[in-house]
Amino acid sequence: MSVEIVSIGTELLTGLGRNTNAERIIESLGELGIPVDYITTVGDDSGRLGEALRVAVHRVPLVITTGGLGPTPDDLTRKTIATVFRRRLVLDETVLAMIRGRFRERGIEMPSINEGQALVPRGAQVIENPRGTAPGLHFAHLHAEVFVLPGVPAECESMMANYVVPRLKGLGLGSSTGRRVVRTIGLSESLLAERLTGLETEGIPLRVGYLPHSNGLDVTLSASGGDAAWISEALDHAERRVVEAAGAAVYGHGRQTLAEVVGLALAERGLTIAVAESFTAGAMGTSITSVPGSSRYFLGGVTAYSNRAKQELLGVEAATLERIGAVSADVAEQMASGARRRFGADLALSSTGVAGPDGGSPEKPVGLCFLGIASAEGARSVRFVLGGTRAEIATRATAYSLDLLRRHLQGGVRP
């Protein structure tokens, strides 16, 4: 089974947008044992899109497109499909009523331009879009199955889960396969790979992949062939090896996030958390509250960028700021203690650092940060020097801060 993803949108070619849809589609198909052989990215140009579609349906039996189904003039997918595959566009009254209903739910009148989203190529199956106004499409051409999905990530992911994957299973596509993901933080790719040397040659037809990102390193394990029980046993063995090799750096499995892991731990223990942020500028609080139900344990946060804010809002001592500066262990600890006291929380996290690209010095280089944690037993901090852009440094610091909390909740294990 060969698959081609056709990602549509000029923003994907100019760096203004990230192709997260392709990542999710690859992941969904991988769970079915269906590898992706081609990813084609094409801008909002009918001629080039038409060429990409013609090539795709002639070289693979499964084509999935994303993007270009909106109501604006640069959304050309529907019309281009009608031209390339010679399928006249027909107004689908049911789809039109559904789109009108979506606008009614929002309390606004549907602009007439949205009527174009109800045009369906003759013979195509409409894929319901529960999260937006652009329906997807499914049709067969020659030997190829073609799925046409919106570019909005949440809408694309919903259609993959609710329509495309079940349909592929119904067609009998894919093979017996399994996939596991072990999520780690604080270990380099090279170090972990060295610890896992030989894993792929232990008599198990296994593929091991390493995916480093701003929040840590994911180890992916996949196996196919044989029956489901055999695959599960092989992956169990491999997953145990990864967990043993990574040790305390393992924070989750599958799609678990650090925020979900610490949120569950806080909720189970009945503990509350507050944050005091400087250079992360609210990212820690945003990450924690990204989890549904976080109001059970997150009390609030203070973004104290200036020294004055650190003193007045968090009680950081002026003498400490004057003596060693804002980017220091003492200030991180005083910030965490101040946030815990101000919100009446059981625990508090803090961040202070130099995000760059300016402001660094030999003593305090760009990327230097101190992350603090305070509890009833007192406060402590950890020093990091992180690489990357300003945004990447803040993202990494946020992840390491949540990991500091995770390790504390697991028994005070130090990073």
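**Where helices meet, and what lies around them**

Ser-46, Leu-49, Gly-50, Leu-53 and Arg-54 of helix 3 are in contact with Thr-77, Thr-80, Ile-81 and Val-84 of helix 4, where contact means heavy atoms within 4.5 Å. This is a predicted model, in which local features need pLDDT of at least 70 and side-chain atom pairs count only at pLDDT 80 or more, while totals for chains, interfaces and linings use all residues. Residues are numbered from 1 along each chain as its sequence is written, and side-chain values use heavy atoms, with hydrogens and water left out. Helices (H or I, at least four residues) and strands (E, at least two) are DSSP runs, numbered from the N terminus.

**Helix 3 and helix 4**

- By class, this contact of helix 3 with helix 4 has 4 nonpolar, 4 polar and 1 charged residues; Ala, Val, Leu, Ile, Met, Phe, Trp, Tyr, Cys and Pro count as nonpolar, Asp, Glu, Lys and Arg as charged, and the others, Gly among them, as polar.
- The axes of helix 3 (residues 46-59) and helix 4 (residues 77-84) come within 10 Å and cross at roughly 55°; axes are lines fitted to C-alpha atoms, for helices over the stretch in contact, and angles run from 0 to 180 degrees between N-to-C directions.
- That angle makes helix 3 oblique to helix 4; under 35 degrees counts as roughly parallel, over 145 as roughly antiparallel, 65 to 115 as roughly perpendicular and the rest as oblique.
- Helix 3 and helix 4 cross in a right-handed way (left-handed if the near helix is turned anticlockwise from the far one by less than a right angle, right-handed if clockwise).

**Helix 2 and helix 6**

- The axes of helix 2 (residues 20-30) and helix 6 (residues 153-170) come within 10 Å, crossing at roughly 25°.
- This makes helix 2 roughly parallel to helix 6, and their crossing is right-handed.
- On the helix 2 side, the residues in contact include Arg-24 and Ile-25, and on the helix 6 side they include Met-160 and Leu-168.
- In total, the contact of helix 2 with helix 6 has 7 nonpolar, 3 polar and 2 charged residues.

**Helix 9 and helix 14**

- The axes of helix 9 and helix 14 come within 9 Å and cross at roughly 35°, and the crossing is left-handed.
- Among the residues in this contact are Val-261 and Leu-266 of helix 9, together with Leu-402 and Arg-406 of helix 14.
- The contact of helix 9 with helix 14 holds 10 nonpolar, no polar and 3 charged residues.

**The largest pocket**

- About 1,400 Å³ of space lies in the largest pocket; a pocket is an open set of points on a 1 Å grid over the protein atoms alone, where a 1.4 Å probe fits, with protein on both sides within 12 Å along at least five of seven lines.
- It is lined by 47 residues, and those closest to its centre are Arg-24, Glu-27, Arg-183, Leu-211 and Asp-218; lining residues have an atom within 4 Å of a point.
- Helix 2 gives the most to this lining, with 6 residues.

**Backbone details**

- The peptide bond from Gly-356 to Pro-357 is cis, with omega near 0°, and Pro-357 sits in the loop between strand 15 (347-353) and strand 16 (368-375).
- Arg-86 is not a glycine, yet has a positive phi of about 55°.

Notes:
Points joined across faces, edges and corners; volume = space filled by probe spheres on them.
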